[in-house]
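Me: I'd like to learn how to read the inside of a protein model. Could you walk me through the one below?

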Amino acid sequence: MTLAELKGFTGDKLKAQAFVVQNNNWQSVAEEACAKLAGFGQLDLLFLFASDSYASYLPDLVKTIYRESGASTLLGCASQTVIGENRELEDEVAISLLALSLPDTGLRTVYLTQNDITQNYIASLPGLISSPTGEVNAWILFSDPFTIASEQMLTQFSAAFPGIPLVGGVASGDFRLRRSYLFMNDQVLHQGALALAISGALTVDPVVSQGATPVGEAWMVTAADGPVIESISGRPAYELLVDTIKSLPLAQQQRVARNFLVGLAVDEYKAEFGRGDFLIRNLTAIDPQSGAIAINAEPRIGQTIQFQMRDAEAADEDLRGLLAELKTSDSSHKPLAGILFSCNGRGTGLFGVADHDATTIKEQLGAFPLSGFFCNGEFGPIGKQNFVHGFTASLGLFVPKDSNSGKH
């Protein structure tokens, strides 16, 4: 069990506690969780992530923990794997909790349906959400995989709240049942999305590791039609792809051949491109005859493109590199806590070892309360736009908002 405290602007303490409870019996789990929370004090926000093995008992489990904990706001979801105490509990029945005491912080939960997104209700949120500072510092978002158009939703959040960080994930579980479980206070919901607006003394620093490493050089898209890229820097896209692979050392060629991806630069005004500057998308088809390739995105003509590689080594390197950059660039803010949205395609299936993402975060940033779950899609910004990702670790770090500089 991890506990952290940071001093707020008024002298009151921002406080966080994270822990995991394992038991096949939902009543025993609820009792132990509430006992651990009993001495916490003012509980403004409680994140709860539960194994989908509890599916039949989730209404009782959520209602009991919300009522007995005294939390002002409870949010979370069910998942095939929960994360907590620097562990990723794959194939284990457990719940993970993150409790936060947040003086001088505004919290507002918004429930969204697909109809809200179709009607672009999100565009009205800036005028509807009141906060101590008149602005939203960050969003945390949970969604159902079956009833929400996630890309459309995140595009609307980017437009309504430009430059505001957003992290989150899609609930996971047994896809054969085609049902997910979202938690909002004492309710269990089976559709829609939950969005938490954070304002006041707290914000969220995002770290989005897409698990890919650039290969070859950066080029420019010169002809494209929807997801089909016809030419890159004036050459047939397929021809440039082959030449890029052939230019690599033999060992790297073998790695790339199995894990080839495409990176699209999000900010065209950067002088140089590196890790974290590209939106990573899958290469879905190649046509040697026409020289075209297809990806699961729609690139713009003139957009910078660079081929990418993803495997365990590249994913490890990417996460460590991003965390090291964060530690170097912003050593003034120790995280109060963190929430990790890790793809269900990572874990032991990708890395061959357990707890990779959770332990790497601890190694790079030190110990702090951390909770989260394995997702069916991860939310996080690249540049100033929010996207849905795959095979990604999207980490939200809770830090005090710097009221003097206005920076996160």
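**Reading the inside**

Reply: Ala, Val, Leu, Ile, Met, Phe, Trp, Tyr, Cys and Pro count as nonpolar, Asp, Glu, Lys and Arg as charged, and the others, Gly among them, as polar. This is a predicted model, where local features need pLDDT of at least 70, side-chain atom pairs count only at pLDDT 80 or more, and totals for chains, interfaces and linings use all residues. Residues are numbered from 1 along each chain as its sequence is written, and side-chain values use heavy atoms, leaving out hydrogens and water.

Me: Which residues lie nearest the centre of the largest cavity?

Reply: A cavity is a set of points on a 1 Å grid over the protein atoms alone where a 1.4 Å probe fits but cannot get out, and lining residues have an atom within 4 Å of a point. Here 13 residues line the largest one, with Ala212, Gly276, Ile280, Gln308 and Asp318 nearest its centre.

Me: What about the nonpolar core, and which residues have the most contacts inside the largest one?

Reply: In soluble globular proteins, nonpolar side chains tend to be buried together. A nonpolar core is a set of buried (under 20% relative accessible area, 1.4 Å probe, protein chains only) Ala, Val, Leu, Ile, Met, Phe, Trp, Tyr and Cys residues joined through side-chain atoms within 4.5 Å. The largest has 35 residues, and Phe47, Leu100, Ile140, Phe142, Leu336 and Phe398 have the most contacts inside it. A second, separate core has 27 residues, including Val29 and Phe183.

Me: What does Phe398 touch, beyond its neighbours within four places in sequence?

Reply: Contact means heavy atoms within 4.5 Å. Among the contacts of Phe398 are Phe47, Ile140 and Leu336.

Me: And which residues line the second largest cavity?

Reply: Its lining includes Pro145, Phe146, Arg179 and Asn376, and divides into four nonpolar, four polar and two charged residues.

Note on methods
On a 1 Å grid over the protein atoms alone, a cavity is a set of points where a 1.4 Å probe fits but cannot get out, and a pocket is an open set with protein on both sides within 12 Å along at least five of seven lines; lining residues have an atom within 4 Å of a point. Buried means under 20% relative accessible area, exposed over 50%, partly exposed in between (1.4 Å probe, protein chains only).
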